[in-house]
Amino acid sequence: MSNPGTSNAASIESRAQLVEAIARGCKPKSEWKIGTEHEKFGFILPQDADGREPLSPPPYAPRGIGALLEKLQGPDWAPIMDGENLIGLKGQNAQAGRAISLEPAGQFELSGAPVVSLQETEAEMQEHYDQVRGPAAELGLGFLPFGFQPLWSRDEMPWMPKSRYAIMRNYMPKVGTLGLDMMTRTCTVQVNLDFSDEADMARKMRVSLALQPLATALFANSPFVEGKANGLLSNRARIWTDTDNQRSGQPSVFFENGFGFEQYVDWALDVPMYFVSRDGKNLDVAGCSFRRWLAGDIQEPLKGLTPTVGDFEDHLTTVFPDVRLKQFLEMRGADAGKLDMMVAQSALWVGLLYDPATLEAAEKLVREQPWSAYQQLRADVPRLGLDAAFPGGLKPLAKRVVQLAEQGLRARVRNEASYLDPLHLIADGGPNQAQHWLDLYNGAWGQSVKPLFTEAAI
């Protein structure tokens, strides 16, 4: 379910074309798949620092992330270029359907292939770790799947040579205080899931968007900033509360009766643009309105350019609600973390959304409270996790939701329910990942975060 680029050059003649661009994602239940994406921070291995700062984030070059991409190239991985720079790999042959890409500070991302089972999701992730570990070690690099960079400041993070990131880097400080932190110091794990039709999409959107803050609490894994605990469990989630609120969060329109493809298109048209791709280059149109462009109200950077369906599909990759709609639904509320937790994130949403009876029960559950309760929860869980205030208690909600997810997985008859075991432990009162690391930080680690780079590395 990766989206390495779009190429639909058809001029936009009507709003219906934009609706169709999303509606093409409708699939019969027999064709529903699971696509998992995850990111991780690179760091310099202390034993192989060779004059470099131990544990520091590697640059693109030399002996950095660009060199790792070069080492991974081969018959199964074709290069993705941005000008003269290698900025990703597209899987082919044995790796078909997968892609490797770079986030702004070199966070290394695998966009997994669409697969049928959680067993395949787990195997794909483990295979990726095995493929990366050796070439990375040759360069003196390790990787840390963690929600927020635990040690280094924003100014100490490198920037990758991707033109769209240069545009975003310039624009982000104009629309929020934390956008550059989002770009350079966060890592997430996402699962992409299918829908059968517009009504199925809308139901899945309402359920998953309401429950994203609960997922944030369950998967919280970013309690450190610049070497210290900062009183939060998910600093990554806090970053998203002041990144660019026009394009992120839990838009109220998504919860409204009658929400569907047209309403999503209308919302996206009013989100300011970042770039337009022409002749292999990204043109900076940050802040321009796609709606005005479509109406012929030409803004100077867009003068002489005709909007295409491909431009709109590119634009959809630059909106960041907690659940994003493209030709599938993308769950965006979780911190990156341990492998079993990242697979559990996929298991949670597959269990809740892919069995019709469970989805119906989950919708009834979330409708017990007004949508405003979930929007408030989003503001509270970065600091409080499952202790955040919620009518009836967030911990009881967590138990009910995880039990529903188990019901949904058992209905799939694929022996997948055990992937939820880590979430049952947390819902029953055990520590989440952030609390686990905080206990070590305040105890055996003597308030140092450096042991993370050994204990939590892949």
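Reader: Which residues is Met331 in contact with, leaving aside its neighbours within four places in sequence?

Author: Met331 is in contact with Val189, Gln190, Val191, Ser208, Gln212, Asp322, Val323, Gln345, Trp349 and Leu353, its neighbours within four places in sequence left aside. Contact means heavy atoms within 4.5 Å. The model is predicted: local features need pLDDT of at least 70, side-chain atom pairs count only at pLDDT 80 or more, and totals for chains, interfaces and linings use all residues. Residues are numbered from 1 along each chain as its sequence is written, and side-chain values use heavy atoms, with hydrogens and water left out.

Reader: Why is Met331 called buried?

Author: Buried means under 20% relative accessible area, exposed over 50%, and partly exposed in between (1.4 Å probe, protein chains only). Met331 has 0% relative accessibility and therefore counts as buried. Met331 belongs to strand 15 (residues 329-335); strands (E, at least two residues) and helices (H or I, at least four) are DSSP runs, numbered from the N terminus. The C-alpha atom of Met331 is separated by 9.6 Å from that of Thr36, 295 residues apart along the chain.

Reader: What makes a set of residues a nonpolar core, and how many residues has the largest?

Author: A nonpolar core is a set of buried Ala, Val, Leu, Ile, Met, Phe, Trp, Tyr and Cys residues joined through side-chain atoms within 4.5 Å. The largest such core has 116 residues, and those with the most contacts inside it include Leu348 and Trp349. A second, separate core has 21 residues, among them Ala67, Trp77, Leu139 and Met160. Leu348, its neighbours within four places in sequence left aside, is in contact with Ala215, Phe219, Val401, Ala405, Leu420 and Leu423.

Reader: Which elements do the buried residues of helix 1 pack against?

Author: The buried residues of helix 1 (residues 15-23) are Leu18, Val19, Ala21, Ile22 and Ala23. They pack against helix 8 (261-269), helix 9 (290-294), helix 10 (309-316) and strand 14 (323-325).

Reader: How many disulfides are there, by the rule applied?

Author: A disulfide is a pair of cysteine sulfur atoms within 2.5 Å, and by this rule the count comes to zero. As for individual cysteines, Cys187 counts as buried because its relative accessibility is 0%. Cys288 is likewise called buried because its relative accessible area is 8%.
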